[in-house]
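Hi,

Here is the structure I promised to pass on to you. Have a look at it first, and then read on for what turned up.

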Amino acid sequence: MAEVEVLLPQWGMGMSEGTITAWLKNVGEAVTEDEDLAEIEAEKVEECLEAPATGILTKILVQTGETVEVRTPIAIIETD
């Protein structure tokens, strides 16, 4: 098994941080690569963050409502 860190992506050149507005998956649920995982507000725009890997969402590191810098680990997916 391998752990994949889900990082807050940088969608635009001026983006320095983002706020988790909703998690679309819960810890323990299976996720598929490219499936919507969370909703992020950045620069007044709502974006969907897609899962970078297929596996099980084992940890949510940043809770709904929290704002973090770009490239911060926000969740962990465990793959086979």
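E35 counts as partly exposed, at 27% relative accessibility (partly exposed lies between buried, under 20% relative accessible area, and exposed, over 50%, with a 1.4 Å probe and protein chains only). K25 sits in the loop between β2 (17-23) and β3 (30-31), and E35 in the loop between β3 and β4 (36-42), so the pair ties together parts that are 10 residues apart in sequence. Strands here are DSSP E runs of at least two residues, and helices H or I runs of at least four, numbered from the N terminus. The whole structure holds 1 salt bridge.

A word on the source: this is a predicted model, where local features need pLDDT of at least 70 and side-chain atom pairs pLDDT 80 or more, while totals for chains, interfaces and linings use all residues. Residues are numbered from 1 along each chain as its sequence is written, and side-chain values use heavy atoms, without hydrogens and water.

Now the core. The largest nonpolar core has 19 residues, and V6, W23, L37, I40, I74 and I77 touch the most other members (a core is a set of buried Ala, Val, Leu, Ile, Met, Phe, Trp, Tyr and Cys residues joined through side-chain atoms within 4.5 Å). β2, β4 and β8 (73-79) each supply at least two of its residues, and β4 gives the most, with 4.

Best wishes

Definitions and conventions:
Salt bridge = Lys/Arg side-chain N within 4 Å of Asp/Glu carboxyl O.
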